[in-house]
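Dear colleague,

I am passing a structure on to you, and my notes on it follow below. Please read them with the structure open beside you.

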Amino acid sequence: MTDSALSFLDRPNSYIGRSVPRPNARRLVQGRGIYVDDVMVPRLLHVAFLRSPYAHARILGFDLTDAKAAAGVMAVVTGAELATICTPWVGVLGHFKGLKSAPQHAIAVDRACWVGEAICAVVATTRAEAEDAVALIEARLESLPVTAISETALDAATPVIHPFLGDNLAFERVLDVGDVDSAFREAAAVVEETFHIGRHTGVTLEPRSILADWNDSEGKMTIHHSFQAPHMMQDIVSRHLGLAESDVRVICKDVGGSFGIKVHIYPDEMATVALSRMLKRPVKFVADRLESFVTDIHARDHRVHAKMAVTSDGTITAIEMDDLTGIGPYSVYPRTSAVEANQVVNLTGGPYRHQNYRARARVVFQNKTPMCQYRAVGHPIAVMVTEGLVDLAAAAIKMDPAEIRRRNVIRDDAHPSVAASGIRFEKLSHQQSLEKLLSMMDYHGLRREQAELREKGIYRGIGLATFIEITNPSAAFYGVGGARISAQDGCTLRLNPQGGVVASIGVTEQGQGTESIIAQVVATAVGVPMADVRVITGDTDTTPYGGGTWACRAAGIGGEAAWQSGKALRENILEVAGTILQAEPSLLDIRKGQIVDSATGLERMTLAELGRIAYFRPDTLPADMKPELVVTRHYVPKDYPFAFTNGIQASYLEVDTQTGFVTLLKHWCVEDCGTVLNPQLVDEQVRGGIVQGIGAALFEECRYDAEGQMLNGNMADYLVPMAAEMPDIDVAHVVTPTASSELGAKGAGEAGTAGAPAAVINAINDALAPLKTRVNRQPATPQVILQALGYI
Amino acid sequence: MSATARISSPLHTIALNVNGTAVTSHVKARVHLIDYLREDLQLNGSHVGCEHGVCGACTVRVDGVAVRGCLMLAVQADGCHVETIEGLTEGGTISDLQEAFVSRNSLQCGFCTAGMLVTCTELLETNPQPSREEIRAAISGNYCRCTGYQAIVDAVDRVARERKAKRGVS
């Protein structure tokens, strides 16, 4: 093993840790991406859906005469008809005890359960014609009582959405650790708050898109999909359409943003696949923006009562919390809609040392758009609750917010450790991160500035938010519960005759830089220039089986598979080289695509020459020399269920107490994702994540009326962060590699979203503190702030 | 109006210049410019993000001005010069901006990028030395859900400085 003494950082020409640009970015700046809507196939048809205008309605029947007669229409298909092709599904997992849900169809069969649920489909030669014909469908619907409000969903008087389930409680988890009651009894101060975290959604700039192409001649379904997990989709399509797994191919080329939105099974997408099978023609569905707002999964929608006990020296001794979340009428398939609440229970209080913790989470059905996992699942809620309580506790005992965190975070030298909720930490760096952040932001200088400005009637606030983040999930996340979602990933490498390397891998790219990271790792492991590595992702026919990209797993899990594969290919190449050169393989190395003497760096032969001999003149090699220039290695973390990362964010902002407007002045983040494979990509993941978190904190909310109608389901009324309102964001790192893998990389894509809302809300409350008021709600819109100030 | 009446709407003949090439087409009155460009001319480098003029993903240049391709009908472009990301790329006039986007990682998923580049192109033409605040204001009609905008601001800022330096020595 020539490289056993060398770490990846010592490897000559290592790309690890370098901010190399993404090879696939050049294509995108020239408009040469291929998103699903750009895919052209012959005889393509388009589907548009009639969607329920009611939050709850019985489907009595349809008059389809005019729609069927309309120009360009190939078929008008109801849920009952489609159910003969695609079987329904139920979004439950075995390890969430008691989680229940109802069967969900691709198109509603006898009942619509939210505004926007597809109840009939029109397939036509153009999307415009399909939409024209949708307008001609006469649907006979009987509106049913609506359960819209989470707080009353469990009341006896509230209609049960799925009567056969007995009640509207999808899932409940309770936890009681240590002696919570004693801790509260003995506390110097107990602080309490109810936190409201609004419902919001992902707003991927590319809407959900799918093109399904059933080829009847070979019995094969090819699906072009804007999606994060192609193998999962392949498995589900094959099982619900009764096809052989190998007869379903899912291709995910360029994906225009995902953020967890595009990792779930959507009824209209399954319907599109089923319609292609039914009509034996390719069928495309691209959600328009109005459809996106009522059919993309929503996220959050939590109300948390919580309290914290603190001693007079600032020691946090106990946390108690009660979370209620509304998930719409179905638990989403196959990941379920219980995961977010479960993670709120797991993560609340997670950065701190207290061991007394009582939690309850209840997940209830409502007649609203289904809720499921979106970027930083559960984290922003847990962090807002925890960090809000920490600031309240600090105020109660008159301690500085930075100081109380300093006294309570799990010490860097105390690992491995177990949080009160039972989650296990391999190694975290809260203390280093906190000190680094305070010095980076000049915390004490800012406090002085804040105090000076307050004298002048300017209300600025500083908010801190310590966080932990779940990354690199093992099979403990979904697999153990029975979901057929791969926890492992494989990477296959092939040395081409001219010396280039082709990598195909199960993790996928939606803009994070996955393909760049894999190319960096492979180039480093094999010893070739990065430009000589071509990476293939997002195709179930051509990549090893894998989970795709979600839960911050691409770099940590896919990267390690690529690293192991690269090392194995290098070893095989050197074995061939040793034979050709009559040299001991352990004395050879591969650098910049050349076989060299490892001691002197002297070039012995090019990889292209080795490739020429191995592929075209194998007759010149000894009879027992069988070059294996294709290798595959797999990786899955096994020693910990998750590789937790940690970090801390700070927000500095100004509140206009006359208008309620918040001006973000600056934002900082220190985070520890272990080995940083590409600093620029990591920093941009963190920045992008922070801005999505700021969106949740200040702007984004799916607003509903009591009848379950979404009131702001368009881009003009649903606000997302725009450039002018966003601050510059400084990002820094502490590096604590995970020992679970050789690379030591953990995930970084969700840290920003996890911590930003709490930092912003805490900063608003810090600004409002002299006015003896506070906000407890996301988004903290000007209206919320003016209400807190008593002006409206 | 019945569906038949709506669908049998007549075709209109338009003649325009797209990326330097004269084009004559027959389009329905209801077709948006962006759908015409993407579907009829297969210029799918510009994207459709919201179809109601908010997100900016479909921004293209019409007679030198950045417009929303979803808020203009194809028939309204009759007689106009239209430039898309394909034309801007081939013309080479924004290659520095494109390179700056690549090296600064000012894009992630890339879906907003064509529209963002068109807007930034117009900004640098009308205000060659924008402040960071002016850059942020100029692109505030183009949503980017991935980057958080800072890397875009950095790239535009860098190109503005580089172009200024270039002008200085020439």
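In this predicted model, 44 residues of chain B are in contact with 49 residues of chain A, contact meaning that the C-beta atoms of two residues, placed from the backbone, lie within 7 Å. The side of chain B that touches chain A divides into 21 nonpolar, 18 polar and 5 charged residues, where Ala, Val, Leu, Ile, Met, Phe, Trp, Tyr, Cys and Pro count as nonpolar, Asp, Glu, Lys and Arg as charged, and the others, Gly among them, as polar.

Within chain A, the axes of helix 10 (residues 379-396) and helix 11 (residues 401-408) come within 9 Å and cross at roughly 110°, the axes being lines fitted to C-alpha atoms over the stretch in contact, with angles running from 0 to 180 degrees between N-to-C directions. The two helices (DSSP runs of H or I, at least four residues, numbered from the N terminus) are therefore roughly perpendicular to each other, a term that covers 65 to 115 degrees. Where they meet, A:V390, A:D391, A:A393 and A:A394 of helix 10 face A:P401, A:I404 and A:R405 of helix 11, and these residues divide into 5 nonpolar, no polar and 2 charged.

Elsewhere, A:I764 is in contact, leaving aside its neighbours within four places in sequence, with A:G461, A:L653, A:V655, A:V662, A:V775, A:A780 and A:I785.

As to conventions, residues are numbered from 1 along each chain as its sequence is written, while chains are lettered from A and ligands numbered from 1 in the order in which they are written. Local features need pLDDT of at least 70 and side-chain atom pairs count only at pLDDT 80 or more, whereas totals for chains, interfaces and linings use all residues.

Notes: Parallel < 35°, antiparallel > 145°, perpendicular 65-115°, else oblique.
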